[in-house]
Amino acid sequence: MPSGVPRIPRREEWILKKICTRCGEEKPWAKFSPGSYWDDGSVRRVQSYCQDCHAEINRNRPKKPIAPERLAYLVDYKRQQRAALRAERTSDGKRLPSAPIRELLNRAVKDTEDWVLLG
Ligand SMILES: [Zn+2]
């Protein structure tokens, strides 16, 4: 069952070699996806194409077009996400009064005559 977590090949999988039937290169078993396992969890057989070849096949696989209703949903969702981000960044148009902080800073600068002390 794939979990999204990469499997860590066992030591012997780096020693055993196999020739990929697609690219013809000899690589360790660790560079092939397992085809089946023994009962103890060790790899019994690896697939005939190496992982690099499988990755290349998947990269070149034609993409399925997005259904129009799904696309409309995605556009709407992204618009909502952008609006939420914008609202968060701009405090939703609400602004705090700047007078108190300006007064505090002016007083601090007047007392110390040095901006460095504010840090
Ligand atoms: Zn290959």
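1. Let's start with a term: helices (H or I, at least four residues) and strands (E, at least two) are DSSP runs, numbered from the N terminus. With that in hand, glutamate 25 is found in the loop between strand E1 (17–19) and strand E2 (26–28). Please keep in mind that this is a predicted model, in which local features need pLDDT of at least 70 and side-chain atom pairs count only at pLDDT 80 or more, while totals for chains, interfaces and linings use all residues. Residues are numbered from 1 along each chain as its sequence is written, and side-chain values use heavy atoms, with hydrogens and water left out.

2. Now the metal site. Which residues hold the protein donors of the zinc ion? They are Cys20 (SG), Cys23 (SG), Cys50 (SG) and Cys53 (SG), lying 2.2 to 2.4 Å from the ion. Donors are N, O and S atoms within 2.8 Å of the metal (3.2 Å for Na, K and Ca); water is not among the atoms, so sites may look incomplete. The donor residues follow the spacing C-x2-C-x26-C-x2-C in sequence. Cysteine 50 and cysteine 53 are both buried.

3. The geometry of the zinc site is tetrahedral, with angles of 100 to 116° among the four donor atoms. For four donors, that word requires all angles to lie between 85 and 135 degrees.

4. Two polar contacts deserve a look. Such a contact is a pair of N or O atoms within 3.5 Å; within protein, one must be able to donate a hydrogen and the other to accept it, and residues adjacent in sequence count only if both atoms are side-chain atoms. Lysine 27, in strand E2, is buried at 9% relative accessibility, and its side chain contacts that of aspartate 52 at 3.1 Å. Glutamate 13 belongs to helix H1 (residues 11–15) and is buried at 2% relative accessibility. The side chains of glutamate 13 and arginine 7 are joined by a polar contact of 2.8 Å.

5. Next, the rings. Rings of Phe, Tyr and Trp (its six-membered ring) pair if their centres lie within 6.5 Å; planes under 30 degrees apart count as stacked, over 60 as edge-to-face and the rest as tilted. This rule gives one aromatic pair. Tyrosine 73 and tyrosine 77 form it, and it is stacked, with 6.2 Å centre to centre and 20° between the planes. Because they are four residues apart in helix H3 (residues 68–89), these two tyrosines are separated by about one helical turn. Tyrosine 73 is partly exposed at 47%, and tyrosine 77 is partly exposed at 39%.

6. Finally, the overall layout. The chain is assigned domain 1 (11–60) and domain 2 (64–93), with bounds that come from an automatic or database domain assignment. Their centres, taken over C-alpha atoms, are 41 Å apart. Serine 33, found in strand E3 (residues 32–37), is 37 Å from valine 75, C-alpha to C-alpha.

Notes:
Buried < 20%, exposed > 50% of the residue type's maximum accessible area, 1.4 Å probe, protein only. Tetrahedral: all angles 85-135°; square planar, octahedral: opposite > 155°, others 65-115°.
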